[in-house]
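Look over the model first.

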Amino acid sequence: MGILDSKVPSGPLAEKWTKHKNDINLVNPANKRNIDIIIVGTGLAGASAAATLAELGYNVKTFCYQDSPRRAHSIAAQGGINAAKNYQGDGDSPYRLFYDTIKGGDYRSREANVYRLAEESVNIIDQCVAQGVPFAREYGGLLDNRSFGGVLVSRTFYAKGQTGQQLLLGAYAAMNRQIHRGKIKSYTRHEMLDVVLVDGKARGIIARDLITGEIQRHSAHAVVLATGGYGNVFFLSTNAMGSNVTSAWRAHRRGAFFANPCFTQIHPTCIPVSGDHQSKLTLMSESLRNDGRIWVPKKPEDAQAIREGKLKPTQIPEEDRDYYLERRYPAFGNLVPRDVASRAAKERCDAGFGVNKTGEAVYLDFASAIQRYGKEKAMTSGIKDPDKETITLLGEEVIAAKYGNLFQMYEKIVDENPYKTPMMIYPAVHYTMGGLWVDYNLQTTIPGCYCTGEANFSDHGANRLGASALMQGLADGYFVLPYTIGDYLSDDIRTGPISTDSEAFEKTEAEVRERLQRIVDAKGKNPVDYYHKKLGKIMWNKCGMSRNAKELKEAIDEIAVLRKDFYENVLVPGSMDGMNTELEKAGRVADFLELGELFAKDALERNESCGGHFREEYQTEEGEALRDDKNFSFVSAWEYKGEPRDAVLHREDLLFENVELKTRSYK
Amino acid sequence: MNLLLKIWRQKDGNSKGKLVDYPISDIEGDMSFLEMLDVLNQGLIEQGEEPVVFDHDCREGICGSCSLMINGEPHGPDRLITTCQLHMRRFRDGDTIVIEPFRATAFPVIKDLMVDRTAFDRIQQAGGYISVNTSGHTVDANAIPIEKEKADESFNAAACIGCGACVAACKNASAMLFTSAKVSQFALLPQGRVEATERVQNMVRQMDLEGFGNCTNTGACEVECPKGISLENIARMNREYLMATTKG
């Protein structure tokens, strides 16, 4: 086991980042023109980095598998973005945002990174407003805020339920400006299939043009992976259909350590699974927990009657409802962090109180919010003694203005009107805190290979708080990477263009071709989805919301068997030439089949419960997570050694100099 | 339910395409339209045939990848949703469903139901931004108060997902709704006014270069737009354009 150097600068917490920026090497503007950077992925982290690096003068090439950079899955983020602006005057500060994030992550993230994130959060909002991002505003013309889970202040900026869309379109617009200037060359419908190392440094990638099938070599002085998370290893998740781990995994196989793969966020408020045909799950924004109350029936017989369709939720009187989050966590109530809310829902459903046909759903109820808002609206509209109908109508209008698009989305999928009957929700895989290990400069263990956004492991520890993924993506891309990468590139000002006519490129390209050919040649009997669904079932049942040593061991073996079967019996029609969507999927599933095994191994070796990682063997009498700071206060960074199960552990010890490690309590 | 699908199959941009019949059975109402196509494709793959290619990604109505003309309507018969949000309960047992790609000169077919919409990106590249640097520190966000009504209207225009349904619905294959949505988003904000003149001229020029048709105010785009982008944006863009050209 090796020990990793995080390269965290010395000095007091609040001064580290400024000091670091003053200490690192810069590249002079004229020399930036001679340096090429490849960025893979054009979500918030990739698009923002591309825009800023191009603006600084570097030559940037971006790659995305979608037909336009604007379609990356950051677009689907709903609720908002945190920033310690303290516009509400409720006592917020960068320190509080830092503290909430460290605590929310269950003390498994790096202090210095998280503080930097909190510090930069305020710049993000200024930047985005200057770019014309239409955030929600109050009648006075200033920016509006709302609150999210796990915090006691209102610091979330938002654009209805489409915050991710608006932020991504802002970053996409900034990219477009640089494309227009010729500083970014954008490759769309291209997929990175490997990273190329020349003399131990990342110097390019092998990519496949998804339209022509052509395998291409692209060189650069540094490679940035901003390729998002690996939630699709579960098959069903809130990720986009194309979201994948391939870039990160390929870099892992070439020497980048993979950190905390088992830290996965299961989001509490998603639309429940309806049947076997299901291809993906849809999130209902956490912002709904500002106004929705979560409950299940108190009596098992009521729950059963509901499941059988004999009883409606609206028929259950108030005293027979169990608002279990308010009951268990009076201080935070419905706004407990995601991991806590998810486990509490699972606990109630496992105990037999679940409400839809499958018994795997709880209610999210807006009836009391509708009444509360209706009364307020009636008063401000000067309506005296309004009747119940008027109040309900007015209240529904307020709710529609706040969450209209989410309610519409729910109604379309479930075919029920959530204004009249409570929503049904259940936890689903949403975000992965784990990812490629990076140091303070966001560099992986491959020199010249950087990783930003969800794809890296960095800032969220074992559990991410709501509205902080967008914050991290943009902070990494706009404000962190463009500085830190300069320190590395300052050694490259005399290097000149990197040739793709080298042995390293040739060899890596040959290996990519061989890998794809092997999949195409299998010509077995099972389509790719067959394997993906099987893998997803193993992951959900044995590496999901709660885990134990026995099942994790089983998962490791089952995944290895499934992977072997995949290479022997997968059926991909067509060839490597031209467009082949099944081949694209097969390549991604092949990598998931390796990652899944490492995921289970990581979960097995972390003998504690923390954040989203809940080991049944380690819990308190009340069923709360039991952390083991003495033995597990470290980042697990895995080195690839041939088979995922043979990976070697390196640890980065987490030092807490500014916060006291406490049992996380939201009671 | 049992259905007859008539699907446009086309090998690539250089080949001729045609409608092919695919009977399909055991479709449930809770399936989304794209999940129904997944079922069809699994069957085709198992028979060793090439699956039907179509664009899709987020499957929650926001990325703008999915398209499809379903019985002659972009994103199918329902209003204010994308194809991925359309559910099979909208159809009846025994229905015939004709599925074609979005058609426009500026959207050439790549394969089957997948078209090339990069013309939209090039329109955005011509001017769909505010030219501020992203690496620096700008003024405090609350230093620019914006009337709530204006901010909301700007948001409504910015909600465009760039799917191209407006172009597919238009008999002239015009991209005016798409282009005007971006022009409007910035025209309504004080930050965007600074470059308003150049922006509208550059974006309209690129729109014309891409081969999109003109607007004759039929309003089909607004009706079919999954995000309800208003026709008023086109009027606003025309005003902006007129102001820009008279300014010189």
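**Domains and contacts in a predicted model**

Chain A is assigned domain 1 (2-75 + 162-264 + 430-492), domain 2 (267-429) and domain 3 (501-652). Domain bounds come from an automatic or database domain assignment. This is a predicted model: local features need pLDDT of at least 70, side-chain atom pairs count only at pLDDT 80 or more, and totals for chains, interfaces and linings use all residues. Residues are numbered from 1 along each chain as its sequence is written, while chains are lettered from A and ligands numbered from 1 in the order in which they are written.

**Inside chain A**

- The centres of domain 2 and domain 3 of chain A, taken over C-alpha atoms, are 34 Å apart.
- Six residues of domain 2 of chain A contact five residues of domain 3 of chain A (contact: C-beta atoms, placed from the backbone, lie within 7 Å).
- On the domain 2 side, helix α10 (residues 338-353) of chain A gives the most, with five residues. Helices (H or I, at least four residues) and strands (E, at least two) are DSSP runs, numbered from the N terminus.
- That side of domain 2 of chain A holds one nonpolar, one polar and four charged residues. Ala, Val, Leu, Ile, Met, Phe, Trp, Tyr, Cys and Pro count as nonpolar, Asp, Glu, Lys and Arg as charged, and the others, Gly among them, as polar.

**Between chains A and B**

- The contact takes 67 residues from chain A and 68 residues from chain B.
- α6(A) gives the most to the chain A side, with nine residues.
- The chain A side divides into 27 nonpolar, 26 polar and 14 charged residues.

**Inside chain B**

- Chain B is assigned domain 1 (3-111) and domain 2 (117-247).
- Their centres, taken over C-alpha atoms, lie 29 Å apart.
- Domain 1 of chain B puts 18 residues into the contact, and domain 2 of chain B puts in 17 residues.

**A sheet in chain A**

- Three strands form an open antiparallel sheet, in the order β7-β8-β9 (chain A). Two strands pair if DSSP finds at least two bridges between them.
- β7 (190-198) and β9 (215-219) of chain A are at the edges with a single partner strand each, so one side of each has no neighbour in the sheet.
- Eight bridges join β7(A) to strand β8 (residues 201-209) of chain A.
- A:Met192 stands opposite A:Ala207 in β8(A).
- Helix α14 (residues 503-522) of chain A lies across β7, β8 and β9 of chain A, at about 140° to β7(A). Axes are lines fitted to C-alpha atoms, for helices over the stretch in contact, and angles run from 0 to 180 degrees between N-to-C directions.

Key:
Contact = placed C-beta atoms within 7 Å.
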